[in-house]
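Subject: Structure for you to look at

Hello,

Here is the structure I promised to hand over. Please open it first, then read my notes below.

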Amino acid sequence: MTRAALAAAALGLVAGAAMAAVPGFGARGETVEPWAPPRIASARFESHPAFDPRNGDLYFVRSAPDFTGWRIVVSHCGADGWSEPIEPSFAGDGVEADPWFAPDGRTLYFISSRSPDGVAPPAGGKRKDLDLWRVERDAHGQWGRPQRLPEPVNSPGAEWFPRLAPDGWLYFGSTGRPGGLGKTDLWRARQGRDGAWTVENLGPHLNTADDEYEPLVSADGKRMVLMAADGLYESRRTAKGWSQRVKLGPKIDANGSEIGALLSPDGHSMLFARDLKGERSGEFFLWRDGKGDPNWPPRCPR
């Protein structure tokens, strides 16, 4: 092991010891169980859940068993449980994934390789990379036309997992962006009063020379769950910024394929997906620390 690797391991052990005293991941009594409601769980790959704050609908990504061909789908909770998932009205050509609602439910962020007008383009007209998009709905609850976020938020590389934090920063992953520390890094962006966007790399406590894709800041803004090349990690906000990341325990990071985390509003539960690697496709799992709202995720039928 190199000197740099030994130093990083030591930092991880120190940070892990500090976090162990904080309720949450690794707490005594935590559980991780499959979350497989009828019509949601299937032989395909399910991941990246998002609950609509306005009506409770479940948006998520369904793809082929080998995690290709991503599409966003939505299911409504009815008297007999979750409905058969269908594509939302704003669906476009290309692959689409990583849905995320703003707290008021008016805006949904996602990633897409759709063509600029969002419909099937002439030959050669489709975008070549994944970009960040958002779509808003009107007073009647109808989704409008999605809008691609501008540069410098989007880049010539691929963007991933847009998540709006309580402080107004939009967190996301980005591949090959100038100023990065690795292959894919975690970044954040914010729009000023003049309309211009500021983009910042999240730094070496979170980013490495490898891949980091998915930053999720909790509802209280005090911690982050992030997905890297080998599973899920946690970081805590300190007076000096985000702490050195620490990998979550083996109950969550069972094989390093864990992706698409969604924390409950109170932070005591989390949905995520795991590739079962031959037993089944990617499936949802639910982590609980033994505290918090027992009715999250929302029960269906209610």
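A residue counts as buried when its relative accessible area is under 20%. By that cut-off, 50% of the 302 residues in the protein are buried. Keep in mind that this is a predicted model.

First, the overall picture. The protein has 1 helix and 22 strands. It exposes about 14,100 Å², and carbon and sulfur atoms supply 56% of that area. Now take the contacts with a separation of 6 or more. Residues 24 or more positions apart account for 48% of them.

Next, one sheet. Strands of a sheet pair through backbone hydrogen bonds, either parallel or antiparallel. Here, 4 strands form an open sheet in the order β1-β22-β21-β20, and the pairing is antiparallel. β1 (31–34) and β20 (259–263) stand at the edges. Each has a single partner strand, so one side of each is left without a neighbour in the sheet. From one strand to the next, the twist averages 25 degrees. β1 pairs with β22 (residues 282–288) over 4 bridges. Look for V32 there: its bridge partner in β22 is W287.

Last, one residue. M227 sits in strand β16 (residues 223–228). Is M227 buried or exposed? Its relative accessible area is 12%, so M227 is buried. Beyond its neighbours within four places in sequence, M227 is in contact with E212, Y213, E214, L232, E258 and I259. K247 is 20 residues from M227 along the chain, and their C-alpha atoms are separated by 9.5 Å.

Best wishes

Note on methods:
Residues numbered from 1 in each chain as written. Predicted model: local features only at pLDDT ≥ 70, side-chain atom pairs only at ≥ 80, totals over all residues. Heavy atoms only, no water. Helix = DSSP H or I, 4+ residues; strand = E, 2+ residues; numbered from the N terminus. Buried < 20%, exposed > 50% of the residue type's maximum accessible area, 1.4 Å probe, protein only. Contact = heavy atoms within 4.5 Å. Areas by Shrake-Rupley, 256 points an atom, 1.4 Å probe, with all protein chains shown as cover. Pairing = 2+ DSSP bridges. Axes fitted to C-alpha atoms, helices over the stretch in contact; angles between N-to-C directions.
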